[in-house]
Amino acid sequence: MSKTPEAVAAAERWTAHNYHPLPVVIADAEGAWVTDVDGKRYLDCLAGYSALNFGHRHPSLIAAAHAQLDRVTLTSRAFIHDQFAEFCHKLTDLTGKDLILPMNTGAEAVETAIKVARKWGYLVKGVRPGQAKIIAMEGNFHGRTTTIVSFSTDPDARDDFGPYTPGFQLVPYGDLAALEAAIDADTVGVLVEPIQGEAGVLAPPAGFLRGVRELCTRNNVLMLADEIQSGLGRTGDTFACDHESVVPDMYIMGKALGGGIVPVSAVAADRDVLGVLKPGEHGSTFGGNPLACAVGIAVIDLLRTGEFQERSRELGERLHTGLAKLIGDGVTEVRGRGLWAGVDIDPSLMTGRQASEKLMERGVLAKDTHGSTIRLAPPLTITADEVDWALEQFHAVVA
Ligand SMILES: *Cc1c(COP(=O)(O)O)cnc(C)c1O
């Protein structure tokens, strides 16, 4: 008898319903594959929203975690531990920035970026006290804190959670003229996802990121790139900003930085920006803890080989070529870059939810977003044959 229905019911019974998961109960996982409580195997094409870029339980990441578990796991930042400097140093090398501030979740890293930009605005730019403004994009997703949802345009994320934090202005994603018009003397930062993941893997028009960079430079405004989902190999480069050779003032990282093992996030910026913080002004008990740093070091070591970026580029081409063939055959549009795709299902056929349930029955795990979009973001360790197999299942579901 299947153990799944009871396990699904128990999960429903004991938790807040702030998620609507697919009815699959995972018991173990390796690489790109997970196995449920009934022993059925699935190809994981969500990869923890890109937290699992290196697959489940990558051997070198697991080895780093095990070794650290046997030594020391937490010190707090009241003391320094022996993994801390190496993690931060290696992350400065990867980002090309002077300094790192480690946190845990993505939302905390975004909050860090907001606080640092504001403080920089008052101390360095000379913005009027209490007037710092940050410009964000419509359709954004930057996390779930009260401040972050204050500038969300998703009613589910925002409604009923006010009063809202002031100091944000929205412009349409991809609209440089609107951005230019919104920038004023109080503007300290422009917060942008190089590709909007939750919005349905939406890439801005070519040249947009370059334009944002130029406007920020010209107006003495910080460009804050939220690379939490788009970064660390997902799009075929280390950062999605790399595709336009754009270097933001701050990289905001999370998800894959913890290798799918522990929550690890960070911001990277130069000394003139991150240097504005003094002791006591910001922090986190678990931020930059020894286990996080040990795993983070192993993650950066994987990224430094370039192997995963290359896999994402090559296999991403295979994925997008395959998906493009489905347009007109149950699929209306495909977007994305590298091993990352937003696939719009013809809404007259089925909803995104129905499509993800049908994919699940066929052994492919993916999740719908915004009604009729399926997001595909398999681990970058997926093989060409597995990509082809996932495409076959996709075709069978929508055709
Ligand atoms: C997931 C995500 C976040 C939030 O990260 P959490 O770890 O869930 O807090 C922020 N920005 C982007 C672009 C994300 O994809």
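This is a predicted model: local features need pLDDT of at least 70, side-chain atom pairs count only at pLDDT 80 or more; totals for chains, interfaces and linings use all residues.

Biologist: Which residues are around the ligand?
Modeller: Thr105, Gly106, Ala107, Phe141, His142, Gly143, Glu193, Asp226, Ile228, Gln229 and Lys255.

Biologist: How does that shell divide into nonpolar, polar and charged residues?
Modeller: There are 3 nonpolar, 5 polar and 3 charged residues in the shell.

Biologist: Switching to the sheets now. In what order do the strands of the 7-strand sheet come?
Modeller: The order is β4-β10-β9-β8-β7-β5-β6, in an open sheet with mixed pairing. At the edges stand β4 (99–103) and β6 (168–171); each has a single partner strand, so one side of each has no neighbour in the sheet.

Biologist: What does the twist average from one strand to the next?
Modeller: The twist averages 20° from each strand to the next.

Biologist: Are β7 and β8 parallel or antiparallel?
Modeller: Parallel: β7 (residues 187–192) and β8 (residues 222–226) pair over 4 bridges. As one example, glycine 189 has leucine 222 in β8 as its bridge partner.

Biologist: Which strands does helix α9 lie across?
Modeller: Helix α9 (residues 208–218) lies across β5 (133–137), β7 and β8, and its direction makes an angle of about 145° with β8.

Biologist: What about the sheet with 4 strands, what is its order?
Modeller: That open sheet runs β1-β2-β3-β13, again with mixed pairing. Its edge strands, β1 (26–30) and β13 (364–365), each pair on one side only.

Biologist: How many bridges link β3 and β13?
Modeller: Strand β3 (residues 41–44) pairs with β13 over 2 bridges, in the parallel sense. Within that pairing, leucine 43 stands opposite valine 364 in β13.

Biologist: New topic, the backbone. Is the peptide bond from glycine 162 to proline 163 cis or trans?
Modeller: That bond is cis, with omega near 5°. Proline 163 has its place in the loop between α7 (155–158) and β6.

Biologist: And what is phi of arginine 57?
Modeller: Phi of arginine 57 is near 55°, a positive value in a residue other than glycine. Arginine 57 belongs to the loop between α2 (47–50) and α3 (59–69).

Biologist: Last one: where is valine 334 found?
Modeller: Valine 334 is in strand β11 (residues 331–336). Leaving out residues up to four places away in sequence, valine 334 touches His320, Leu323, Ile327, Gly342 and Val343.

Biologist: How far is valine 334 from alanine 384 in space?
Modeller: The two are 19 Å apart, C-alpha to C-alpha, and 50 residues apart in sequence.

Methods:
Residues are numbered from 1 along each chain as its sequence is written. Side-chain values use heavy atoms; hydrogens and water are left out. A residue is near a molecule or strand if one of its heavy atoms lies within 4 Å of it. Ala, Val, Leu, Ile, Met, Phe, Trp, Tyr, Cys and Pro count as nonpolar, Asp, Glu, Lys and Arg as charged, and the others, Gly among them, as polar. Two strands pair if DSSP finds at least two bridges between them. Axes are lines fitted to C-alpha atoms, for helices over the stretch in contact, and angles run from 0 to 180 degrees between N-to-C directions. Contact means heavy atoms within 4.5 Å.
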